[in-house]
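My notes follow, in the order I looked things up.

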Amino acid sequence: MSVNLKTEAARAALGHVEDGMRLGIGTGSTAEEFIKLLAARIAGGLSIIGVTTSMRSQVLCEELGVPTATLDEQPELDLTVDGADEIDPELSLIKGGGAALLREKIVAAASGRMIVIADSSKLVDTLGAFPLPIEVNRFGFEATKRAIAGAARELGLPPALRARMQGDAMLTTDEGHFLIDASFGRIADAMALSRALLDIPGVVQHGLFIGMAERALIADGTGVRELRAEAVSGETN
């Protein structure tokens, strides 16, 4: 996704931000473009309070003068703006490529609305080409990995699992967990997979965001089109 497309999608999302909002602020390169544009609006007089989904986004907000609070201080948010790694026709998502899926899901769930910003390459007919990030507890990592592989087999999915690395060590999330990237391929029943993964004690959360996004703003080089979910009822497990 080019910087121009990221900026176009981010600018379209900024049109949904109103003065006085409590705003969930996502993580990743597209979310960073949104933060930059948001900072310019704040410098011009817009008043919002942001809750970030990662230390990376928090640092950028602090550098650019975007006022922030913790989710404990602002437990109910009006809107979250975030990117996605894949978006299906029902606006179910795969997220977590930036290693912030747990905080992203907590913030999205605390928000009245969620808008996704992306380019058209993130649109898919069925989720699963992008490896699904799964955040797991460090204790019992290998046992949890085996249990995930078993759950995948039960659902007819290939148990192709890889620990997310950072150099020679396993990457640690902001919450102190490890990540497994699962190359399941086509996920025919995302809700069944969600339930199966969350039934595993060592799984903290996964990157399937089902029924959480109200709309997606998609930049494709000719403009930004808006996709809306038929009904957003929230993820159930």
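I started with the largest pocket: it is lined by 19 residues, and Thr27, Gly28, Ser29, Ala84 and Asp85 lie nearest its centre. The elements giving two or more residues to that lining are helix 2 (29–43) and strand 6 (111–119). Helix 2 gives the most, with three residues. The space in the largest pocket comes to about 270 Å³. Sorted by class, I get five nonpolar, eight polar and six charged residues in its lining.

The search runs on a 1 Å grid over the protein atoms alone; a pocket is an open set of points with protein on both sides within 12 Å along at least five of seven lines, a cavity is a set where a 1.4 Å probe fits but cannot get out, and lining residues have an atom within 4 Å of a point. Grid points are joined across faces, edges and corners, and a volume is the space filled by probe spheres set on the points. Helices (H or I, at least four residues) and strands (E, at least two) are DSSP runs, numbered from the N terminus. Ala, Val, Leu, Ile, Met, Phe, Trp, Tyr, Cys and Pro count as nonpolar, Asp, Glu, Lys and Arg as charged, and the others, Gly among them, as polar.

I also noted that this is a predicted model: local features need pLDDT of at least 70 and side-chain atom pairs count only at pLDDT 80 or more, while totals for chains, interfaces and linings use all residues. Residues are numbered from 1 along each chain as its sequence is written, and side-chain values use heavy atoms, with hydrogens and water left out.

Next, the second largest pocket, with a volume of about 200 Å³. Its lining is Val51, Thr52, Gln58, Ala69, Thr70, Leu71, Arg103, Ile106, Val107 and Glu175. By class I have five nonpolar, three polar and two charged residues.

**A hairpin near the end of my list**

I then looked at strand 14 (residues 215–219) and strand 15 (residues 224–228), which pair in the antiparallel sense over five bridges (pairing needs at least two DSSP bridges). Ala219 stands opposite Val224 in strand 15. The two strands form a hairpin with four residues between them, and Gly221 in the turn has a positive phi of about 95°.

**Whole chain**

I count six helices and 15 strands in the chain. The radius of gyration is 17 Å, close to the 18 Å that the globule rule gives for 237 residues, so the chain is as compact as a globular protein of that length (taken over C-alpha atoms; the rule is 2.2 Å times the number of residues to the power 0.38). The C-alpha atoms fill a box of roughly 55 × 35 × 35 Å along the principal axes.
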